[in-house]
Amino acid sequence: MKLSITMKLNGQISIHMFLNTSCCLSVHSEFLDIVDVDMMRMPNEINKTQHHTTFYNSDSLIVRRGQEFQVKITFNRPYKPASDKFAVEFVIGSTPQYSKGTYIPVFPTQERQSSWAGRITNTSENTVTMGITPTPDCIVGKYYMYVAVVTPFGIRRTRKDDSRNLYILFNPWASADAVFLDDETERQECVMNEMGIIYHGAYDDIAERDWNYGQFNYGVLDACLYIMDKAAMPITNRGDPIKVTRKASAMLNSHDDEGVLVGNWTGDYTYGVAPTSWTGSTEILLSYATSKMPVCYAQCWVYAAVFNTFLRCLGIPSRVVTNYYSAHDNDGNLKTDIILHDNGRIDRNRTKDSIWNYHCWNECYMSRPDLPAGFGGWQVVDATPQETSDGMYRCGPASVQAIKHGQMCYPFDAAFVFAEVNSDVVFYSRSKEGTMEPVKVNQTHVGRMVLTKAPGDVTRRDITDQYKFPEGSKEERTVLEKAEEFGCQREKSNPPDADVDLVLPTLEVTVGNDFELSLEFINRSDQRRVVDIYISGSVVYYTGVTSTEFLESSVVPLCSPGVKEVVVVESKNYMKHLVEQANLNFIATGKVKETGQIVTAMKVVTLHNPKLSVELSGGARVSEEMMATVEFTNPFTFGLEGVYIRMEGPGLMMPKSKYYSLIPAGSTLTWTEYFSPLRAGSTRVMVTLDCPALRQVRGQASVTIQP
């Protein structure tokens, strides 16, 4: 006989459950009843250790799909397989349905199985241990669990109890999961590591920014699931990493959907936190989940870092990458256009394209069944709102392999990322009549280098070769020709190189110092050359957008071999115009008098900020009190006003902050915080100091915590 009974859970959810029941159940015999359910959810128990979820600061059971977990069910008497019937039920969403995979009954016998496998792994007196294996493509999110038994009077079901909540995540350890990554070192880095290093600065002066992804911190998993709820993402789509990452790419910015972060590149952060001040993702995600309002403010590395937390928290392998000299052109071609007056000077009014000194995005690892074979693996996703894709500010997932091989038609947004790493910089000379003539093409400036953190180490890893073939190679030419077939315009003309080269030096300059900028001219002809050179020095945002031009200078050197001209740059000229990240952009352009050829050179000088001193003291043992001491001396001749200091550390402390209204010139501040480490292992405390006059001052201290 088959019994079909409709039950109400909490008076809201209608669920159909089908169990084979026997006609010979005696009303007089003691029927099976549920006494206790043990989710085996403690950090040191088998479920969390086998599923790599021990670090999650949560009382609930957290497991990964496609892999067995166990629950213990205690009945009022020993379980009799021949006559007793029970099932473990999992529901997710507001209207669970068996047909949609949002209601899943799991049975203990081989004769009766559903999509999730069930089996009894152990029986001891009245307690049954049941192994349950979710499908490797099941919905990712928060499930409620019930146990139901057949009695002579109908189905008896446990009440809803938060202690039996269950989180199911993506599983990069399971070969049948779409996010399977067959490299344990990479998995440890791209799923389990909380300590990030994000690269910035310039390609020839690389700087590092420490970041606490904090994917295991209390409340972060719920905040990540809330992001999908806020996006009204259908529950049934939440098992597909392609759909999850594309939706999250839109939701991490607030442009069109009240998403997580508000972008701000103005330099005025009065109504929020300066992007350079954040030390990690936890504070941002918890604030968003609590207030239900976008958090102020972010720039590209903040978007990438918080997106990385979201991905790692849900179990999708991910990493933050930095592209040095990232093109952002306004007309969607493969050219970044710089317009010059006929005397060789830049026409700033007509030069609309910008080259970001660097740009950060994410890569996440997954199969791509929607693409031909070979285009799975690392995929670019980018939450920084630059251009719309299908009507929303988002980007990706775009296959890195598709970008490298010029397959620009493959979804999603491969053409946009391809242009970011492959554009040519074209200098045009504009005549007084308005005609434009290309005078120089630089094919190697954009996408100069792509970096990410090396797995299992604190060093960087150059992954440029994953995005493009070597400059000038046969393969590169083939890829660019293929891109043109897809409608991308390139500059076909090849103006002859000038026989005079101009080289600007690589400089390391501390903010507030005067320095010399030497221009080296190399005359490759056997004749005398005179060059009329115009040098422009601007304070620029890292996006390449000019804030203020502080230097205009002309030189007319007579070019014989090894001639150098020196321009003195005084700090008083640039200090009052500095914006965050303290970049100075020098562009030298000019014309060779004898030939009319154009000479150009560009150089970004990243100013180095003073450092914070961070010292840790104490026993360096779990739960034993330690002390972090931060020290900073104001090196300037003026006071620093409105100073915020932030501090946090993975497994050590949640984010803390302190405000100082004024740090007088030459004075020293000291801030001491007490904390007790939560878990053993190598970690670090990360600290930032930030104020309107001085951005991006950082410090960190590493420590190994003993059990």
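This is a predicted model: local features need pLDDT of at least 70, side-chain atom pairs count only at pLDDT 80 or more; totals for chains, interfaces and linings use all residues.
View 1. Local features need pLDDT of at least 70 and side-chain atom pairs count only at pLDDT 80 or more, while totals for chains, interfaces and linings use all residues. Numbering runs from 1 along each chain as its sequence is written, and side-chain values use heavy atoms, with hydrogens and water left out.

**View 2. Where domain 1 meets domain 2.** Domain 1 puts 19 residues into the contact and domain 2 puts in 18 (contact: heavy atoms within 4.5 Å). Together they bury about 1,500 Å², with 66% of that on carbon and sulfur atoms; buried area is the accessible area (1.4 Å probe) lost when two parts are put together, summed over both.

View 3. Strand S4 (61–64), strand S10 (141–151) and strand S12 (166–169) each give two or more residues to the side touching domain 2 (strands: DSSP E runs of at least two residues, numbered from the N terminus). By class, this side of domain 1 has 9 nonpolar, 5 polar and 5 charged residues. Nonpolar here covers Ala, Val, Leu, Ile, Met, Phe, Trp, Tyr, Cys and Pro; charged covers Asp, Glu, Lys and Arg; the others, Gly among them, are polar.

**View 4. Salt bridges between domain 1 and domain 2.** How many turn up across this interface? The rule finds 0, taking a side-chain nitrogen of Lys or Arg within 4 Å of a carboxyl oxygen of Asp or Glu.

Conventions
Helices (H or I, at least four residues) and strands (E, at least two) are DSSP runs, numbered from the N terminus.
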